[in-house]
Amino acid sequence: MNMLAKLKNNYSLRGLYFLYKEYLGIRTRSFGYIADNVTITPPLLIEKPNNVFLGPNIGLGPHAHISAINAKFICKGHCAIAERFTVHTGNHARVVGMYVTDITEANKPKGYDKDVLIEEDVWIGADVTLLSGVTIGRGTTVAAGAVVTKPMPPYCVCGGVPAKFIKFYWTIDQILEHESKLYSEEDRYTREQLERIFAEYIPNNFASRKS
C-alpha cells in the first residue's frame, strides 16, 4: 500500500482533513465568482470551488455540500438557502465490466454532468438536494426535504421526493406587480410568458379561468 493510500485509509487524518476543509478551508478567491455580500455559515464542503458562482445577497446555511466537479453550480443572487443544502452536478455511471468503485471522473463516460442553476429570489428550505441539470426558476420556494431532479418553473412551490410542482403561490397579476418593483423592464416576465408557464403546469384550471 503506497503512502497516499495509507493516508486515505487513516480515519483520524481524514477526519482532520475534512474538519479543516469544512470549517477553515473556505477561500473566496478559489470560487469561480462570489459577490461581496454573500453570507456563508460553516461547515461548508465544496468540491471544485472554481465551478461555483454565487451572486449578490445570498445566505447559505450550515452543513452545505456542493459537488461541482465537472459542471457548474450557479446561484444568481438574492436567495436564502437553509441548512444541509446539497448539490450534485454529476451523476454516477455504470460501466459493463467495472465495479462501481473503480469508475472515476477520468474514466466515466461523457454526458453525466450538467450545470445546476438557481435563479434570483429563491427560498430553499432545510435538507434540500438539487441533482444534475436542475434549474430552479426565479421566485420559487423549495420545501424542506425535497430532492429536485428536474427543472422547476418560476414563482412556484415545489416539494417531495422526487420534487414536484405543487402550486403557483401568486396570481399572474401579483407576479407582474412584484417584478415591476424589482427588475428592469427588459428583465421582467411578460404576461404572455407567464400565461404560457401557468398553462403548462395547471392547464385545466388556467383554461377555465381564461374562458
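Modeller: A term to start: a crossing is left-handed if the near helix is turned anticlockwise from the far one by less than a right angle, and right-handed if clockwise. Note too that this is a predicted model, where local features need pLDDT of at least 70, side-chain atom pairs count only at pLDDT 80 or more, and totals for chains, interfaces and linings use all residues. Residues are numbered from 1 along each chain as its sequence is written, and side-chain values use heavy atoms, leaving out hydrogens and water.

Colleague: OK. Which hand is the crossing of H3 and H4?

Modeller: Right-handed. The contact takes in Ile172, Asp173, Ile175 and Leu176 of H3, plus Arg191, Leu194, Glu195 and Phe198 of H4. Contact means heavy atoms within 4.5 Å.

Colleague: At what angle do H3 and H4 pack?

Modeller: About 135 degrees, with the axes 10 Å apart. Axes are lines fitted to C-alpha atoms, for helices over the stretch in contact, and angles run from 0 to 180 degrees between N-to-C directions. H3 covers residues 172-182 and H4 covers 191-201. Helices (H or I, at least four residues) and strands (E, at least two) are DSSP runs, numbered from the N terminus.

Colleague: New topic. Where does threonine 89 lie?

Modeller: In the loop between strand S9 (86-88) and strand S10 (116-118).

Colleague: Is threonine 89 buried or exposed?

Modeller: Buried, at 1% relative accessible area. Buried means under 20%, exposed over 50%, partly exposed in between (1.4 Å probe, protein chains only). Leaving aside neighbours within four places in sequence, its contacts include Ile69, Phe73, Tyr112 and Ser132.

Colleague: And how much of the chain counts as buried?

Modeller: 36% of the 211 residues.
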